[in-house]
Amino acid sequence: MALSDTRNLPGLAVMSLGSALADEADVTSDRLLEIDGIDNEPIVALNAAYVTDGAVIAIADKAKLEKPLLIVNVSASPEPRFVATRNVVAVGAHAHAMIIEAFVTLPGAATDAQASALTEIDLAKDAQATHVKCVLGTG
């Protein structure tokens, strides 16, 4: 299977946050940047104000992902940048998933850049998710 190919994975739907926000037919798209109860937190507000993209992931009821779902964030700019990303993950009832977020700085990229990466995971009844964030290297 090719990298980022989710077509043959039953029970998994993935799209970019930018695409989801642009989908005017989706009545929930305007709520993707809201998190119940913490919208007024300064770090969340900063992320919402500057978010450029991210992922929207839906795992269907009773789905059990055989392999971890890997979200890779790559820093490649030689100039220091501030980058804000938001991931929204919905895990259906009785579903099981492992989600790994990897942050990679490529050789030659600025190491003094700043990032605001926020991931919201919504667990339905009896859903299970393991979430891991890791930094894989610095330029």
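Which strand gives the most to the lining of the second largest pocket? Strand 6 does, with 4 residues. The model is predicted, and local features need pLDDT of at least 70, side-chain atom pairs count only at pLDDT 80 or more, and totals for chains, interfaces and linings use all residues. Residues are numbered from 1 along each chain as its sequence is written, and side-chain values use heavy atoms, with hydrogens and water left out.

The chain comprises 2 helices and 7 strands, arranged along the sequence as β-α-α-β-β-β-β-β-β. Helices (H or I, at least four residues) and strands (E, at least two) are DSSP runs, numbered from the N terminus. Of its 139 residues, 29% count as buried, where buried means under 20% relative accessible area, exposed over 50%, and partly exposed in between (1.4 Å probe, protein chains only). A contact is defined by heavy atoms within 4.5 Å. Among contacts between residues at least 6 apart in sequence, 86% join residues at least 24 apart.

The second largest pocket holds about 490 Å³ of space. Its lining is made up of 25 residues, and S75, F103, T105, Q114 and A115 are the closest to its centre. Two or more lining residues come from each of strand 3 (69–75), strand 4 (82–91), strand 5 (96–105), strand 6 (114–123) and strand 7 (128–137). By class, the lining has 12 nonpolar, 10 polar and 3 charged residues. In this classification Ala, Val, Leu, Ile, Met, Phe, Trp, Tyr, Cys and Pro count as nonpolar, Asp, Glu, Lys and Arg as charged, and the others, Gly among them, as polar. A pocket is, on a 1 Å grid over the protein atoms alone, an open set of points where a 1.4 Å probe fits, with protein on both sides within 12 Å along at least five of seven lines; lining residues have an atom within 4 Å of a point. Grid points are joined across faces, edges and corners, and the volume is the space filled by probe spheres set on the points.

A115 is exposed, with a relative accessible area of 63%. Not counting residues up to four places away in sequence, A115 touches F82 and V83. The C-alpha atoms of A115 and F82 are 5.6 Å apart, although the two residues are 33 apart in sequence.

F82 counts as partly exposed, because its relative accessibility is 37%.

T85, also in strand 4, is buried, because its relative accessibility is 14%. Beyond its neighbours within four places in sequence, T85 is in contact with N47, V51, D53, N73, S116, A117 and L118.

The largest nonpolar core has 13 residues, of which L12, I57, I59, V89 and V91 touch the most other members. Two or more of its residues come from each of strand 2 (51–59), strand 3, strand 4 and strand 5, and strand 2 gives the most, with 3 residues. Such a core is a set of buried Ala, Val, Leu, Ile, Met, Phe, Trp, Tyr and Cys residues joined through side-chain atoms within 4.5 Å. Residues up to four places away in sequence aside, V89 touches I57, I59, I99, T119, E120, I121 and D122.

Several loop residues were also examined. A76 lies between strand 3 and strand 4 and is partly exposed at 47% relative accessibility. Its contacts, leaving aside neighbours within four places in sequence, are L106 and A109. A76 and G108 are 32 residues apart in sequence and 7.4 Å apart in space, C-alpha to C-alpha. K62, in the loop between strand 2 and strand 3, has a positive phi near 65° in a residue other than glycine and is exposed at 63% relative accessibility. H94, in the loop between strand 4 and strand 5, likewise has a positive phi near 65°, and is partly exposed with a relative accessible area of 36%.
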